[in-house]
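Student: I am new to this one. Can we walk through a few of its parts together?

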Amino acid sequence: MTQITHHVAIDLGERSYRITIGAGLLTDAAAFDGLPAASTALIVSNTTVAPLYAASLKQALAGRYQRILTLQLPDGEEFKGWETLQLIFDALLAAGCDRKTVLFALGGGVVGDMTGFAAASYMRGVPFVQVPTTLLSQVDSSVGGKTAINHPLGKNMIGAFYQPRLVVCDLSVLATLPPREFASGLAEVIKYGPIADPEFLRWLEDNMDRLIAQDPDALAHAVRRSCEIKAWVVGQDEKESGLRAILNFGHTFGHAIEAGMGYGVWLHGEGVGAGMVMAAELSHRLGLVDGAFVQRLRLLVERAGLPTKGPVLDSGDNAGRYLELMRVDKKSEAGEIRFVVIDEPGRASVRPAPDDLVRDVIDACCA
């Protein structure tokens with residue numbers, strides 16, 4: 001594994017912070033320099049990740065805090081709700097944690113989102129650090145300060161914008177990811193090409209086999225470039241009032257798949273993979289991109305080991321069920337669904353589309 005460390009800055013004025021990317025960072029105490037002083041730290045992880053990496057993180061932090069507590073949450077998207085969030089508050093209150101306590105989110109997107117939301121809420125805000133252990137969380141969910149839990153009627157509908165103080169991406173930990181989880185993360189890497197960087201899209205086409213093999217240099221480049229693009233977008237639109245919405249390319253369809261199938265049945269990246277193909281097909285039918293671009297994206301998603309067709313959510317009226325779920329998406333306005341579409345490779349926008357057209361896309365793109 002390459003030992004080169006990369007730094008990406010998120011520029012948000014007084015809320016600015018750095019993303020550190022490299023191998024072996026979890027055991028490097030210097031990777032956590034610059035955090036506010038505190039007597040207590042709480043490492044929030046889950047039953048899968050904690051046995052692998054909690055001890056290493058605890059050792060790296062040992063000189064900084066008088067007390068380092070560890071909490072293991074149940075693992076899985078289906079546990080991303082109020083009851084699990086309450087476990088974090090229970091641990092903080094039971095240990096008498098004050099408002100200087102630093103929370104460390106050690107895990108994937110679910111752990112990161114819930115720890116961030118808990119940090120935003122506990123005593124009206126305590127500092128937290130993202131230590132993402134999945135590819136998906138390293139390139140997407142750990143960066144930008146979106147924190148949330150799911151509701152039975154919609155994904156990530158209850159939460160807050162709350163920035164971490166630091167993001168530490170240790171590429172070494174990706175070696176323990178199951179192949180399906182790694183592929184899920186590749187969906188969030190792929191999305192950055194169509195929405196913002198046609199050269200990165202070409203690079204992904206040329207290097208997908210190296211990425212799947214977890215070639216160290218390819219992996220470092222993919223994580224760094226993904227974080228750079230996200231940092232650029234978030235720096236311009238922290239609260240998703242405009243530009244930041246393009247980061248949800250494929251997610252409107254994808255979130256409907258996740259909710260419709262039941263959280264955890266399809267992984268987030270699997271929903272996004274099929275969702276990107278659907279969004280590209282919608283872009284084509286709106287006259288924005290040609291059919292060759294749709295096929296190009298479909299092929300890349302397929303090479304990443306991701307589904308390119310959406311599941312049937314309702315055998316009676318599949319498109320109707322998708323539309324029903326998409327109307328509760330956060331980008332909907334007054335019941336009108338807004339989609340991230342590709343205007344041309346490397347440039348995206350958010351716009352509505354007629355229900356009849358969306359129905360045709362869903363019918364064409366579902367298994």
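Tutor: Gladly. This is a predicted model. Start with His268, which has a relative accessible area of 15%.

Student: Is His268 buried or exposed?

Tutor: A residue counts as buried under 20% relative accessible area. His268 has 15%, so it is buried.

Student: Where does His268 sit, and which side chain does its own side chain meet in a polar contact?

Tutor: His268 belongs to helix 9, residues 268–285. Beyond four places in sequence, it touches residues including Lys155, Ser184 and His255. At 2.9 Å, its side chain makes a polar contact with the side chain of Glu258.

Student: Why does the end-to-end distance of helix 7 agree with its number of residues?

Tutor: Helix 7 runs over residues 216–236, which is 21 residues. At 1.5 Å a residue, it should span 30 Å. The distance agrees, because its end C-alpha atoms are apart by 31 Å.

Student: Which residue caps the N-terminal end of helix 7?

Tutor: Look for a side-chain oxygen by the backbone nitrogen of Asp217. One lies 3.2 Å from that nitrogen, and it belongs to Asp215.

Student: What covers the buried residues of helix 7?

Tutor: Those buried residues include Ala218, Val223 and Ile229. Among the elements covering them are strand 1, strand 2, helix 4, helix 5 and helix 6.

Student: What is the relative accessibility of Thr133?

Tutor: Thr133 lies in the loop between strand 6 and helix 4. Its contacts beyond four places in sequence include Val49, Leu106 and Leu177. Thr133 counts as buried, at a relative accessibility of 6%.

Terms used:
Residues numbered from 1 in each chain as written. Predicted model: local features only at pLDDT ≥ 70, side-chain atom pairs only at ≥ 80, totals over all residues. Heavy atoms only, no water. Helix = DSSP H or I, 4+ residues; strand = E, 2+ residues; numbered from the N terminus. Expected span 1.5 Å × (residues − 1). Buried < 20%, exposed > 50% of the residue type's maximum accessible area, 1.4 Å probe, protein only. Contact = heavy atoms within 4.5 Å. Polar contact = N/O pair within 3.5 Å; in protein donor to acceptor, adjacent residues only side chain to side chain.
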